[in-house]
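Open the model in your viewer and keep the selection tool at hand. The tour moves from the whole chain to single residues.

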Amino acid sequence: AGYAKSIALSSHIGKVSGPNYIGGIVGRLYGTIVDSYSEGDVAGDSNYVGGIAGDGNAGVIKNSYHINGDVTGLNYVGGVVGYIVAAAGTARLGNVEFSYHKDGTVRGVKYVGGLVGLSYVRCRYNSEVELQIKNSFAIGNVIGEKYVGGLVGLDSNYGDFVQGISS
């Protein structure tokens with residue numbers, strides 16, 4: 001799978017498939033995706049699958065969306081991003097802002113969300129770390145077995161949701 005540090009004003013139309021770390025725009029993100037979209041099915045045989053990015057790492061996804069396609073995988077599956085993290089003691093702050101997934105089913109086994117499969121904050125006690133999901137939404141079916149949510153499959157540790165909508 002591919003990886004990227006910064007992507008802007010980009011798009012992909014068509015099916016994307018592979019074993020793991022599969023995204024409609026990028027497999028693994030180490031920076032930002034801004035003003036971009038993907039359209040079509042995104043399918044992974046294993047983990048970290050997202051309509052925009054499979055593994056969002058500690059990246060920022062802003063003003064981006066996935067439409068008209070299903071997102072399927074095993075674990076860490078999201079309509080926009082499968083997994084996103086913020087880490088204490090670094091400038092690594094994962095955010096999803098003004099982004100959405102619509103017109104497709106998100107399907108997996110564990111950590112499955114219409115927007116984000118797993119949002120995770122890695123920190124020590126009393127650390128000042130934030131991971132924000134704001135002004136974002138998901139429209140469509142979300143199917144899984146454990147840790148399944150209309151917006152986020154599992155929000156682990158101190159995540160903030162601001163104006164999120166799931167339908």
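Helices (H or I, at least four residues) and strands (E, at least two) are DSSP runs, numbered from the N terminus. By that rule the chain has 0 helices and 26 strands. This is a predicted model: local features need pLDDT of at least 70, side-chain atom pairs count only at pLDDT 80 or more, and totals for chains, interfaces and linings use all residues. Residues are numbered from 1 along each chain as its sequence is written, and side-chain values use heavy atoms, with hydrogens and water left out.

**Whole chain**

Colour by accessibility. Buried means under 20% relative accessible area, exposed over 50%, and partly exposed in between (1.4 Å probe, protein chains only). Of the 167 residues in the chain, 50% are buried. Now turn to contacts, meaning heavy atoms within 4.5 Å. Among contacts with a separation of 6 or more, 78% join residues 24 or more positions apart.

**The nonpolar cores**

Select Val81 and Val116. A nonpolar core is a set of buried Ala, Val, Leu, Ile, Met, Phe, Trp, Tyr and Cys residues joined through side-chain atoms within 4.5 Å. The largest such core has 20 residues, and Val81 and Val116 touch the most other members. At least two residues of this core come from each of strand S5 (26-34), strand S14 (81-87), strand S19 (116-122) and strand S20 (131-134). A second, separate core has 8 residues, including Val16, Val49, Val71 and Val106.

Stay on valine 116 and show its surroundings. Beyond residues up to four places away in sequence, valine 116 touches Val77, Gly78, Val81, Ile84, Val96, Ile133, Leu151, Val152 and Gly153.

**Glycine 78**

Step across to glycine 78, in strand S13. Is glycine 78 buried or exposed? Its relative accessible area is 0%, so glycine 78 is buried. Leaving aside neighbours within four places in sequence, glycine 78 is in contact with Val49, Gly50, Gly51, Val71, Val106, Gly113, Leu115, Val116 and Gly117.

Select tyrosine 76, in strand S13 (residues 75-78). Tyrosine 76 is not a glycine, yet has a positive phi of about 60°. At a relative accessible area of 18%, tyrosine 76 is buried.

Next, tyrosine 111, in strand S18 (residues 110-113). Here too phi is positive, about 60°, although tyrosine 111 is not a glycine. Tyrosine 111 is buried, with a relative accessible area of 15%.

**Aromatic pairs**

Show the rings. Rings of Phe, Tyr and Trp (its six-membered ring) pair if their centres lie within 6.5 Å; planes under 30 degrees apart count as stacked, over 60 as edge-to-face and the rest as tilted. How many aromatic pairs does the structure hold? There are 9 aromatic pairs.

Pick tyrosine 48 and tyrosine 83. Their ring centres are 5.7 Å apart and their planes at 85°, so the pair is edge-to-face. Tyrosine 48 lies in the loop between strand S7 (42-44) and strand S8 (49-50), and tyrosine 83 in strand S14, so the pair ties together parts that are 35 residues apart in sequence. Tyrosine 48 is buried at 18% relative accessibility, and tyrosine 83 is buried at 15%.

Now tyrosine 65 and tyrosine 100. This pair is stacked: 4.8 Å centre to centre, 0° between the planes. Tyrosine 65 is in strand S11 (residues 65-67) and tyrosine 100 in strand S16 (residues 100-102), so this pair ties together parts that are 35 residues apart in sequence. Tyrosine 65 counts as partly exposed, at 23% relative accessibility.

Finish the rings with one selection: Tyr21, Tyr48, Tyr76, Tyr83, Tyr111 and Tyr147 are linked by ring pairs into a cluster.

**Last stop: glutamate 145**

Select glutamate 145, in the loop between strand S22 (142-143) and strand S23 (146-149). Glutamate 145 counts as exposed, at 67% relative accessibility. Not counting residues up to four places away in sequence, glutamate 145 touches Gly108 and Val109. From glutamate 145 to glycine 108, 37 residues apart along the chain, the C-alpha separation is 7.6 Å.
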